[in-house]
Amino acid sequence: MSLPVLNRDLLASAAPRTGLHVPSPALLDLPERAVQFGTGAFLRGFVEAFLQEANEAGRFNGRVVMVGSTGSGRDRTLAEQDGLYTLSVQGISGGEPVHQQHVIGVVSRALSATDEWDQVLACARAPELELVFSNTTEVGIVLDQDDQPELSPPRSFPGKLARFLYERARAFDFDPARGVLVLPCELIENNGSKLREIVLALAERWALDPRFAGWIRDAVPFLNTLVDRIVPGTPAADARAEAETALGYRDELLTVAEAYRLFVIEADDALRARIPFAGIDGVTVAADVSLFRERKVRMLNGAHTITVPAALLAGCTTVLEAVNHPLVGPFLRGALLDDIVPTLDAPGSAQYALAVLDRFANPYVKHALTDISLQQTMKMRVRIVPTVVRYAERTGRAPESLAFGFAAYLLFVRDGGGLADDQGDRVRAHWTDAGADASAETVVQRICADAELWGTELDRVPGFAAAAASALDAIRRDGVESALAAHLERSAGVPA
């Protein structure tokens with residue numbers, strides 16, 4: 001017998017399963033007070049969870065309109081499910097297992113930017129609108145020189161946002177009381193400040209009403225943020241089917257997330273009062289997010305990025321498999337504790353590293369390595385290269401485990417690894433230009449010397465190119481597992 005689909009009628013007609021937390025009917029009819037650019041798993045498992053708790057506490061009293069831009073079809077699925085989906089929180093907290101199931105009811109609807117841009121702009125004109133969220137990955141907050149306001153929609157996310165905000169400003173005659181808070185969740189430094197700069201640059205480039213720039217500066221705070229939660233997203237078909245049987249309904253957007261979560265928002269006391277979920281467990285409002293951000297991006301995200309290529313080459317498919325692998329697991333711990341932690345100044349970095357390892361070893365979450373490999377080159381630039389440079393500055397030598405991971409990445413990208421990598425072709429071009437018979441030293445030197453790719457002259461970091469070339473040569477000659485065993489023996493991680 002087929003299971004019914006999760007929707008409002010189902011919630012109204014069926015008693016919830018034991019342990020399933022469902023929103024009260026009143027929360028499903030609240031006005032739309034937020035717009036979110038992005039429908040992906042991370043935002044579903046992060047922002048919406050905070051907003052739902054804020055609604056339950058009577059602090060937000062609103063719902064979210066999601067805007068999809070990737071053609072994923074999630075907007076249609078959300079429509080079929082009346083904006084509802086299940087958030088399955090699974091992990092370890094304080095040494096104890098956590099398993100919670102929540103029906104998230106804070107999403108009112110989802111729109112396709114491509115097909116329903118007029119409706120997206122109508123949301124900008126809604127008097128109740130207070131918040132704008134986004135998560136478009138590290139490559140989303142960039143200036144598209146050729147973007148145009150009359151496109152339906154503009155091509156880039158900043159272009160869409162600029163046009164959206166301009167619509168609101170004009171609708172209310174640039175009234176500062178109608179400003180909104182913009183909270184980008186992309187993992188780049190000063191994400192709010194950079195997004196604001198691009199919006200202002202587009203306003204000038206597009207020759208918009210000069211009052212718009214003043215309205216943005218005076219009435220629309222772009223808040224720098226840090227987000228920290230592992231959200232693997234929708235499980236594989238077999239695992240989802242098992243979960244749906246236990247729940248008693250079908251949910252194509254079933255979202256799995258770990259128990260740990262941290263949302264750091266840079267704001268003063270006046271702005272804090274405008275953040276309806278401030279004070280919810282896991283939300284920190286601080287005068288400066290930089291130390292929080294550096295710790296998280298370099299350690300949690302950096303450990304992911306540097307491990308994924310070697311783990312995939314070794315046959316692992318999930319983070320948990322990588323942690324438990326007899327060679328990849330010790331490599332991950334060595335890269336994190338020996339190469340990354342010594343470069344950080346944030347208090348509690350060593351303790352945070354141990355928490356990261358516990359989170360990676362979460363037996364309840366199957367985080368696919370292929371998902372983490374998306375935009376691998378940009379992630380390497382943002383998350384790993386600064387650590388390599390600082391490690392060398394402080395020690396005078398190259399971080400050996402990061403060099404090994406970089407070598408595995410070069411081989412991974414050469415062979416077409418990564419489902420989406422905007423800079424992968426550039427790396428592969430270096431391989432091609434070097435020639436089929438080129439030595440590892442020649443290939444690595446060429447790639448490291450591409451300062452535009454890495455944002456620095458990586459070939460000038462003492463010993464790094466040589467260490468990466470040595471590792472690349474070993475991986476190509478002996479295979480990744482034998483090369484890893486030799487690397488661990490040299491670094492005294494485990495006996496070969």
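Guide: The conversation below covers cavities first, then a pocket, then helix pairs.

Visitor: Before that, what kind of model is this?

Guide: The model is predicted, with local features requiring pLDDT of at least 70, side-chain atom pairs counting only at pLDDT 80 or more, and totals for chains, interfaces and linings using all residues. Residues are numbered from 1 along each chain as its sequence is written, and side-chain values use heavy atoms, without hydrogens and water.

Visitor: How many cavities of 30 Å³ or more are there?

Guide: The structure holds 2 of them. On a 1 Å grid over the protein atoms alone, a cavity is a set of points where a 1.4 Å probe fits but cannot get out, a pocket is an open set with protein on both sides within 12 Å along at least five of seven lines, and lining residues have an atom within 4 Å of a point. Points are joined across faces, edges and corners, and a volume is the space filled by probe spheres set on them.

Visitor: What is the volume of the largest cavity, and which residues line it?

Guide: The largest cavity has about 70 Å³ of space. Its lining includes Glu 258, His 304, Arg 359 and Phe 360. By class, that lining has 5 nonpolar, 3 polar and 2 charged residues. Here Ala, Val, Leu, Ile, Met, Phe, Trp, Tyr, Cys and Pro count as nonpolar, Asp, Glu, Lys and Arg as charged, and the others, Gly among them, as polar.

Visitor: And the second largest cavity, what lines that?

Guide: The second largest cavity, of about 50 Å³, has His 304, Val 319 and Phe 360 among its lining residues. Helix 11 gives the largest share, 4 residues. The classes are 8 nonpolar, 2 polar and no charged. Helices (H or I, at least four residues) are DSSP runs, numbered from the N terminus.

Visitor: Now the second largest pocket: which residues are closest to its centre?

Guide: That pocket has a volume of about 400 Å³. Of its 14 lining residues, Ile 188, Glu 189, Lys 194, Arg 293 and Val 382 are the closest to the centre. Helix 11 (290-313) and helix 16 (376-395) each give two or more residues to the lining. The lining comprises 6 nonpolar, 1 polar and 7 charged residues.

Visitor: Helix packing next. At what angle do helix 16 and helix 17 cross?

Guide: They cross at roughly 160 degrees, and their axes come within 11 Å. Helix 16 is therefore roughly antiparallel to helix 17. Axes are lines fitted to C-alpha atoms, for helices over the stretch in contact, and angles run from 0 to 180 degrees between N-to-C directions. Angles under 35 degrees count as roughly parallel, over 145 as roughly antiparallel, 65 to 115 as roughly perpendicular and the rest as oblique.

Visitor: How does helix 17 pack with helix 22?

Guide: Helix 17 (residues 400-414) and helix 22 (residues 480-490) pack at about 170 degrees, with axes 11 Å apart. This pair is therefore roughly antiparallel. Contact, meaning heavy atoms within 4.5 Å, joins Glu 400, Ser 401 and Phe 404 of helix 17 to Val 480, Ala 483, Leu 484 and His 487 of helix 22.

Visitor: And what about helix 6 and helix 7?

Guide: Helix 6 (residues 157-171) and helix 7 (residues 191-205) pack at about 65 degrees, with axes 9 Å apart. Helix 6 is therefore roughly perpendicular to helix 7. Their contact has 8 nonpolar, 1 polar and no charged residues.
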